[in-house]
Amino acid sequence: MFTKSRIRLSHVVATALLLAATRAPVSRAGPARPRPNILVILVDDLGYGDLGSYGAEDLRTPNIDALVARGMRFRNFYANCPVCSPSRAALLTGKYPDRVGVPGVIRTDPEDNWGYLSDRAVLLPALLKPAGYHTALVGKWHLGLEPRNAPNARGFDRFHGFLGDMMSDYWTHVREGHNYMRLDDREIDPEGHATDLFTAWAVEYLRDRAPDARSGKRPFFLYLAYNAPHAPIQPPPAWLDRVKRREPGLDEKRAKLVALIEHLDDGIGQVLGALKEAGLDDDTLIVFTSDNGGEVSLGARNGPLRGTKGQMYEGGIRVPAAVVWPGRVAPGSSTDRVALHMDLMPTLCDAAVVANPAGIDGRSLLPLLEGQAADADARELYWVRREGGPFAGLASHALRRGDWKLIHNTPFRPLELYNLKDDPREQHDLAASQPRVRDDLAHALKLHVLRSGSVSWQDPDPRALTGRHSSP
């Protein structure tokens with residue numbers, strides 16, 4: 001039986017041991033290169049085809065498109081899961097989400113909660129802090145509601161955002177009657193559209209940090225996690241009117257989503273403008289991506305890809321992504337290299353000259369970003385999603401090895417097999433005609449499930465199912 005004090009102690013000890021590996025950033029061959037400021041912009045449910053730079057013709061995203069053009073555009077970048085919490089866990093830990101206790105969505109209702117971020121997991125901000133970084137999260141957290149699993153307890157110096165999952169309303173910011181808006185550990189009740197609030201808070205943070213960042217005293221890591229364009233689709237009325245005037249042929253559902261995305265793009269433009277005004281844009285490494293694919297039923301478009309948010313088909317897990325680092329990443333470059341959210345943590349640690357902890361699953365993309373020759377990535381890749389509702393708490397999975405992709409799209413359907421090189425739209429199921437490949441990949445998937453099963457996705461507090469979220 002675990003007690004809260006033992007849980008906190010194990011987390012502190014594990015974190016201290018892993019952080020010890022980060023305290024040797026200077027090379028004996030000469031002085032360490034300057035550490036960049038780091039800005040990670042994560043948007044929510046943005047479809048692979050819902051940017052101008054990814055082929056959209058009925059929306060305008062000039063700020064994001066300009067950002068993509070300044071660096072490397074990824075054509076085969078994947079979310080670690082087709083839903084929110086697991087992808088965020090992978091991005092911040094460098095591990096498969098089920099290996100840190102988050103195979104599904106962390107929710108307010110303990111009887112519909114499918115993850116608990118492991119106390120032993122060390123997050124990116126906790127790795128960067130010993131190297132001198134000031135760390136901040138603006139926007140959506142979605143990795144725990146209890147104080148011991150809130151952003152400030154997991155490495156962020158500052159948290160200004162939304163503790164929970166989706167908002168029931170962009171204007172009131174409530175979720176199932178709860179107000180999860182926080183400034184650090186203090187509940188706040190700000191007025192305004194959530195996208196505008198997160199933009200304003202990010203701009204405020206950049207202006208506050210600019211003097212120390214410019215002087216080289218203390219670089220910053222800002223994780224800006226918008227909840228747009230996640231449901232409910234609530235663009236400000238003026239933005240919707242603008243889209244309807246420009247695109248009179250759009251149906252109402254699509255027009256509302258386009259307006260929400262364009263409003264988001266404007267907010268990102270303001271953040272990038274503040275970075276430039278502060279004189280920090282040349283010294284900042286920027287990552288842009290989405291947590292999973294777009295929700296087609298709400299008007300999203302995932303380009304030519306099959307599927308939607310929540311599914312293991314490409315449309316559910318392949319997402320737009322770009323990395324910008326002036327002087328280090330060639331503007332206008334692009335890559336077909338397969339990469340995932342969990343690769344961002346080791347990449348950013350390498351850029352910051354911080355050692356990665358042992359046992360992570362992600363691989364640094366820094367050599368690729370800097371134009372160095374790199375061997376083809378032959379690793380196997382896994383996806384998992386555990387869900388309630390009609391799925392009854394069971395899991396769906398996918399595995400990719402080279403061009404082969406095995407899919408268990410729901411717990412109640414047979415395995416499917418596709419060759420993505422020959423069939424990128426996943427139209428021809430080869431499970432019956434290629435039994436050897438199917439069974440070989442199924443065996444590999446079984447081994448991953450066995451390994452991840454050693455990490456609990458339940459809160460070790462025995463009172464977890466007796467209303468732990470009633471007073472967050």
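The predicted model contains an open sheet of 10 strands with mixed pairing, in the order E9-E8-E5-E4-E10-E1-E11-E12-E2-E13. Strands (E, at least two residues) and helices (H or I, at least four) are DSSP runs, numbered from the N terminus, and two strands pair if DSSP finds at least two bridges between them. The edge strands, E9 (186–187) and E13 (333–335), each pair on one side only. Strand E1 (residues 37–43) pairs with strand E11 (residues 284–290) in the parallel sense over 7 bridges; Leu39 has Ile286 in E11 as its bridge partner.

Residues are numbered from 1 along each chain as its sequence is written. Local features of this predicted model need pLDDT of at least 70, and side-chain atom pairs count only at pLDDT 80 or more, while totals for chains, interfaces and linings use all residues; side-chain values use heavy atoms, with hydrogens and water left out.

Helix H7 (residues 252–277) lies across E1, strand E10 (220–225) and E11, and runs at about 175° to E1. Angles run from 0 to 180 degrees between N-to-C directions, and axes are lines fitted to C-alpha atoms, for helices over the stretch in contact. Helix H5 (residues 194–215) packs with H7 at an angle of about 5°, the axes being 9 Å apart. H5 is therefore roughly parallel to H7 (angles under 35 degrees). In their contact (heavy atoms within 4.5 Å), residues of H5 including Thr195, Ala202 and Leu206 meet residues of H7, among them His263, Val271 and Glu277.

Overall, the chain has 11 helices and 18 strands. Of its 472 residues, 60% are buried (under 20% relative accessible area, 1.4 Å probe, protein chains only).

How values were computed
Parallel < 35°, antiparallel > 145°, perpendicular 65-115°, else oblique. Buried < 20%, exposed > 50% of the residue type's maximum accessible area, 1.4 Å probe, protein only.
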